[in-house]
Amino acid sequence: MKLWNKKMAGVSTVLAMSLFLAACSGNNDDAADTPDAGSDGSDGDNPSEEQVEIVYASGVDVTGATDILIEAFEKENPNIKITRREMPADTGASHDQYVTMFSSQSAEIDVFDADVIWPAEFAQAQYALELDRFIEADGINMDDYFPGTVASGNFNGRQYAMPKYTDAGLLFYRSDIVETPPATWDELFEMAGELQGEAGTEFGYLMQANQYEGMVTNAVEFIAAYGGQIVNENNEVVVNSPETVAGITKMVEFVNSDFVPSNILSFQETETNNAWIGGQSVFARNWPYMQSTSNDEEVSEIAGNVGFSVLPSGDATSAATLGGWMSMINRYTEYPEEAWEFVSFMSGPEGQKISAVEGGRAPTIEALYDDEEVKAAATLFANEEFVATLQNAVPRPVSPIYPEISDIMQVELSRALTGEITPEEAAANMQEQIEAAMAE
């Protein structure tokens, strides 16, 4: 490492100067009898290596996987010490703390975990270090990762974040009621209506329709399934399209159907989970964690009667909104090479396997789903439907102003869901407002 070489050079200079002065003084015999010592008093044959400290900021981890990962890295890289800084569990609070630090060009942290919706914002603001030169030098093949996870960390053609672990929306269904899950949104609409009331259920379908970020993830899935986009790969706003309108229209149909709760507009993930494990619905859209709560006999009334599949297809494809976390490097770090060593370990096969086996976190490297230890770590990891969902996962708009885009989408989509405006008007309004926000 860079600092190790500097220290070695310094040690060599001191030794050379000592020998030169000893020779000039004529005390060669005494010098020959004196043990050769390093500048720190250690045996000169084993000079001490200066250790670089990397401060790593990440969220709360109740599994202990992060500590195990750090220990494994330090064992392989004894010249790099990782000091962990725990960030707030509230991702919004973590985001704001990072912005405060990076906007003042602080180097107090070197590596940090980032929500998949942050990289473009941090790249645009020049808070994050570009990683392309490191990726190329190490010969890392980004095609080994799920496409959506790579796209989330890419801005203007440059990679600013490495995929760490991932998440994506799933369709849950009552396996004691449903024999074969629906392949399309139209089939789901029909089955939810027909099967509502079976086995004591009250509803046919549950989703997240409250005006918050979770509603945006549902909308992105509908829009992508019908071939629409919000912002394309060229950072152009393309939301006002027939495909997007078709996706919004289908979402409106579900929200206003007779088989969802009358208060569906107040549903977030927690409400969905609680109603689902209470046995109230035939189908539900939620994140993979609900597979665990569904089969927890202490809290779930439907344990053993739950299946899951990829979300239904629209006119174009099946799409699940991407969730998960990335690893990034502070642009102002004093140790970019050492920071990269840690990032590449965490996001590489060894680090991701530790996160999967010890922490139950879904890898972003597809080949790890063939690893027997990974498959044994969680039921989901051995399920082909889940892997297919991750392959089809689509990121939310990759934009440096994503928080503003999300706010605009929440307002206009909510207006469409309540019938205040049409899906066509919602798409047109979003186009105009997002373009204006990006122009600023």
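Leaving aside neighbours within four places in sequence, D61 is in contact (heavy atoms within 4.5 Å) with T66, R84 and R361. This is a predicted model, where local features need pLDDT of at least 70, side-chain atom pairs count only at pLDDT 80 or more, and totals for chains, interfaces and linings use all residues. Residues are numbered from 1 along each chain as its sequence is written, and side-chain values use heavy atoms, with hydrogens and water left out.

**Around D61**

- D61 sits in the loop between β1 (52-58) and α3 (65-76). Helices (H or I, at least four residues) and strands (E, at least two) are DSSP runs, numbered from the N terminus.
- D61 counts as buried because its relative accessibility is 14%. Buried means under 20% relative accessible area, exposed over 50%, and partly exposed in between (1.4 Å probe, protein chains only).

**α3 with α13**

- α3 and helix α13 (residues 336-347) cross at roughly 125 degrees, and their axes come within 11 Å. Axes are lines fitted to C-alpha atoms, for helices over the stretch in contact, and angles run from 0 to 180 degrees between N-to-C directions.
- The two helices, α3 and α13, are therefore oblique to each other. Angles under 35 degrees count as roughly parallel, over 145 as roughly antiparallel, 65 to 115 as roughly perpendicular and the rest as oblique.
- From α3, L69, I70, A72, F73 and E76 meet E341, F342, F345 and M346 of α13.

**Helices packing on α18**

- Helix α17 (residues 402-417) packs with helix α18 (residues 423-439) at about 160 degrees, with axes 10 Å apart. So α17 and α18 are roughly antiparallel.
- Among the α17 residues that meet α18 are I405, I408 and M409; on the α18 side, they include A426, N429 and M430.
- Helix α10 (residues 242-255) packs with α18 at about 130 degrees, with axes 9 Å apart. That makes α10 oblique to α18.
- V245, I248, T249 and V252 of α10 make the contact with P423, E424, A427 and M430 of α18.
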